[in-house]
Number of protein chains: 2
Amino acid sequence: MRKPNIDSPIVVVIGGGFGGVSAVRALAKAPVNVVLIDKENHHLFQPLLYQVATSVLPNSNIAFPIRRIFRDQSNAYVFNEEVVSIDCAARRLTFANQRGAHFDYLILAAGASSSYFGNDQWAQFAPGMKSLDDATVIRNKILRAFEDAEAETDAVALQEHLTFIVVGGGATGVELAGAIKELGVDSLSKDYRRFNSKNARVILIEAGDRLLPSMSESSSHASLKALEKIGVEVRLNQSVTHVDATGVVVQGERINANTIVWSAGVKASSLGASLGAKLDRNGRVLVEPDCSVPGTPNVFVIGDMASMKCAKSGHAVPGVAPAAMQMGQFVAHIIAREVRAGVRYAMPTSNAANTTPNVNVTNEAQIPERGKFEYFDKGSMATIGRAKAVAEVAGLKFHGLIAWLAWLFVHLILLVGFNNRILVFMSWGISYLTFSKGSRIISGNPPSRVVSPVGSDSGTSLDQRRKAVEVLLKRM
Amino acid sequence: MRKPNIDSPIVVVIGGGFGGVSAVRALAKAPVNVVLIDKENHHLFQPLLYQVATSVLPNSNIAFPIRRIFRDQSNAYVFNEEVVSIDCAARRLTFANQRGAHFDYLILAAGASSSYFGNDQWAQFAPGMKSLDDATVIRNKILRAFEDAEAETDAVALQEHLTFIVVGGGATGVELAGAIKELGVDSLSKDYRRFNSKNARVILIEAGDRLLPSMSESSSHASLKALEKIGVEVRLNQSVTHVDATGVVVQGERINANTIVWSAGVKASSLGASLGAKLDRNGRVLVEPDCSVPGTPNVFVIGDMASMKCAKSGHAVPGVAPAAMQMGQFVAHIIAREVRAGVRYAMPTSNAANTTPNVNVTNEAQIPERGKFEYFDKGSMATIGRAKAVAEVAGLKFHGLIAWLAWLFVHLILLVGFNNRILVFMSWGISYLTFSKGSRIISGNPPSRVVSPVGSDSGTSLDQRRKAVEVLLKRM
């Protein structure tokens, strides 16, 4: 492990997700100082966010302090700051606190957030699921809906408390819809007295003609069958045209629901815009085949923020964790090779902010060939409720229990941190065996809205008591 | 287990803490309908809150859904509502949502919150530690302080980030101060590059002349020695006279600190005031020896909300979990006996809200003797940092490792829920063996304030890079 050195270049990595963490790791032995900057203090295992949202896992089981990951990497520094803009010409970042940092190389890996396709006002009613706080908000909403149902005496309002709409049929939507239904059917079914939580209505809406569009048609079909079997209402080829506090409009039909979750699309971090490069319609930076920003060879964009096609297949590189990790390693190796070869890119000498970056090297060094990024698809998978999944690995397709076991195994292996692996395994084991969810805690959020009476409001004396008991017993 | 019955009286219990949960459980076989109302959806194991605040345990490990506790108790109903006022004469509660509920018997067990002795403006700077959300706020503050320290280049500001003040030397203050110091010394010491977290300054301020005033003098002495040994600065006989965003004034001396935690006092829930009974200076209701409100035999106050002296010893009943649990069982048995004996208290017949409650029974039944509540002290204990504690059981005093093992055992046994016990045990084991804290996650809170530069702001070109690296390496 190389010690930090005052003459070594500074490589700044923005974002401690799969891409950023891979890049920093791959630079461990390079003669550089690596600075990882993230606005959160934790690396998040996003594929399991839906398990936090449905009370299977506590927040901290799928998050790991970024700083802890690089404890033993002596050339790595971690800062918990929010970057608000990037000046490629001056090679400087600006933080939310007005201070900043210098870079020689930059790897931009700030990820993506939920996209509402121009209807950002829907976000308040239908939260997306990209961060730990998002998942906590959704968990609070789901648990609160069941609590409100228990206190409800009006049949129509009760139905609204018990209707859960998930918009978007990708992996997140499929897994979340299955897990909410399972929560009502298995975990909560004995806990409420005045309604049957098995009757909770879970509706999954997908605008396209199949679920899991990134997987094969047979996996789409298997996931549809599995969801329908456990009672999820799947609506294909239907678009949501309106969202408000009490429901959605889908294909002209109004559906009232108190819980709506958005998993229909993502847009790249807005930091891409400050690079001055061309963006695609999702805000992703159109990068060169080596992941660099056109005209700025010392700045790379990777993961969900990069828009590129595989050199060989011509397919777009998907916005998934393995692609981000592979890109991180790819650009780290480019940087390590160039630094070792003595390459230094020229910097503007004055009035840095307004000049065009100089792409020439300052010295006589030969720039090593960078090559082109090639995505290697290791397979993909999604769970559906309890003990079922679909998986595709190396052209093979698995459904059902075996796919679920593969899913469990792969996700445990990929989790960062020994502690987390043990605790997640224990939580899953307990959850699976006892049907109970260990993290059914409403926290940090006030009740979402005014709910209904527990007792009746009229009558006095003995009459009053009898009425109150009647209301209590009503729905048993 | 008795089924709910329309002719059975309604016993409302407000508060799902130790007292309320004990009371509901003790009524399982009584011919009553029990309604437990809490503004949170979870029972909280408060003695372990400081472990959430110091990242040892995730929130959900010390909280358990109240509803789940009573899943199999068929005469129990649980509602997640906030009670805002109580009308004893009309026997009605009002909720925050304007609706309400009727009761025949009421057990008020809404607990206590932090008291700032008339300086409520200090609360924003020095959060107390009574709820799960409080503990999350404190955890965020502590972790953020270390993150800010890493980004700091000014020596004076660095010292402020690394100063932690705990006000109040009771069990909570002692345990929290020890755990913060341990966090800096053991868990974080290898994770930061630009400062030594072992130098974190933890100051425990107690206005009285000894720590743990509710325990014996020898335990006070042992805890003082143990804290000083691990490097906590303990200040006895010193009062905090001012608190603001950047520090405190204690005995005329200004100490700057970015993290201040308040554990100096509690005040009872303000619901006690709506009973119309006399309150002590901490807002607790002065109850009869049977825990009932004077003049209102069908309304009881228990736990941290009740002010009473033991009938035999004359000592005040302490505000601790065992006392609340014993009171809950005591009043549950009074109610069960009276209901079985056919006792019904008369209700006002009209204009209920403004009449004096009628304490006569409506029927010919003989009221069974209620007896007087007697607190049985099973002992008390507190941990100090890693593998040390003080404990007093049945007149015996233990210090050190054996007390700590007893502490672990007792706290595991008392935790509600099989899942929680396993997961807490695992988390403790991992934390103890690896020195690492599994829950070091900053969540739900924006950075507390503007912090300092990572890179320098002046210079260009190669000069600029060298300066930036110098700043990075500065504190290594």
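Helix α1 (residues 18-26) of chain A and helix α8 (residues 321-340) of chain A have axes that come within 7 Å and cross at roughly 30°. The two helices α1(A) and α8(A) are therefore roughly parallel to each other (angles under 35 degrees count as roughly parallel, over 145 as roughly antiparallel, 65 to 115 as roughly perpendicular and the rest as oblique). This is a predicted model: local features need pLDDT of at least 70, side-chain atom pairs count only at pLDDT 80 or more, and totals for chains, interfaces and linings use all residues. Residues are numbered from 1 along each chain as its sequence is written, while chains are lettered from A and ligands numbered from 1 in the order in which they are written.

**Helix pair α1 and α8, chain A**

- The crossing of α1(A) and α8(A) is right-handed (the near helix is turned clockwise from the far one by less than a right angle; anticlockwise gives left-handed).
- Axes are lines fitted to C-alpha atoms, for helices over the stretch in contact, and angles run from 0 to 180 degrees between N-to-C directions.
- On the α1(A) side, the contact includes A:Phe18, A:Gly19 and A:Ala23; on the α8(A) side, it includes A:Ala324, A:Met325 and A:Gly328.
- Contact means that C-beta atoms, placed from the backbone, lie within 7 Å.
- By class, the contact of α1(A) with α8(A) has nine nonpolar, six polar and no charged residues.
- Ala, Val, Leu, Ile, Met, Phe, Trp, Tyr, Cys and Pro count as nonpolar, Asp, Glu, Lys and Arg as charged, and the others, Gly among them, as polar.

**Helix pair α6 and α7, chain A**

- Helix α6 (residues 171-187) of chain A packs against helix α7 (residues 217-230) of chain A at an angle of about 20°, with axes 10 Å apart.
- That angle makes α6(A) roughly parallel to α7(A).
- The crossing of α6(A) and α7(A) is left-handed.
- From α6(A), A:Val174, A:Ala177, A:Gly178, A:Lys181, A:Glu182 and A:Val185 take part; they meet A:Ser223, A:Leu227 and A:Ile230 of α7(A).
- The residues of this α6(A)-α7(A) contact divide into five nonpolar, two polar and two charged.

**Helix pair α6 and α7, chain B**

- In chain B, helix α6 (residues 171-187) and helix α7 (residues 217-230) pack at about 20°, with axes 10 Å apart.
- That makes α6(B) roughly parallel to α7(B).
- The crossing of α6(B) and α7(B) is left-handed.
- B:Val174, B:Ala177, B:Gly178, B:Lys181 and B:Glu182 of α6(B) make the contact with B:Ser223, B:Leu227 and B:Ile230 of α7(B).
- By class, the α6(B)-α7(B) contact has four nonpolar, two polar and two charged residues.

**Chain A overall**

- Chain A has eleven helices and 25 strands (DSSP runs numbered from the N terminus: H or I of at least four residues for helices, E of at least two for strands).
- Of its 476 residues, 54% count as buried (20 or more other C-beta atoms within 10 Å of the residue's own; 12 or fewer is exposed, in between is partly exposed; C-beta atoms are placed from the backbone).
- Among contacts in chain A with a separation of 6 or more, 66% join residues 24 or more positions apart.

**Domains of chain A**

- The assignment gives domain 1 (10-39 + 81-114 + 267-354) and domain 2 (120-264 + 378-434); domain bounds come from an automatic or database domain assignment.
- Over C-alpha atoms, the centres of domain 1 and domain 2 of chain A are 33 Å apart.
- Five residues of domain 1 of chain A are in contact with seven residues of domain 2 of chain A.
- The domain 1 side of this contact has three nonpolar, two polar and no charged residues.

**A:Ile430**

- A:Ile430 is found in helix α10 (residues 418-434) of chain A.
- A:Ile430 is partly exposed, with 19 other C-beta atoms within 10 Å.
- Leaving aside neighbours within four places in sequence, A:Ile430 is in contact with A:Gly438, B:Asn419 and B:Ile422.

Note on methods:
Contact = placed C-beta atoms within 7 Å.
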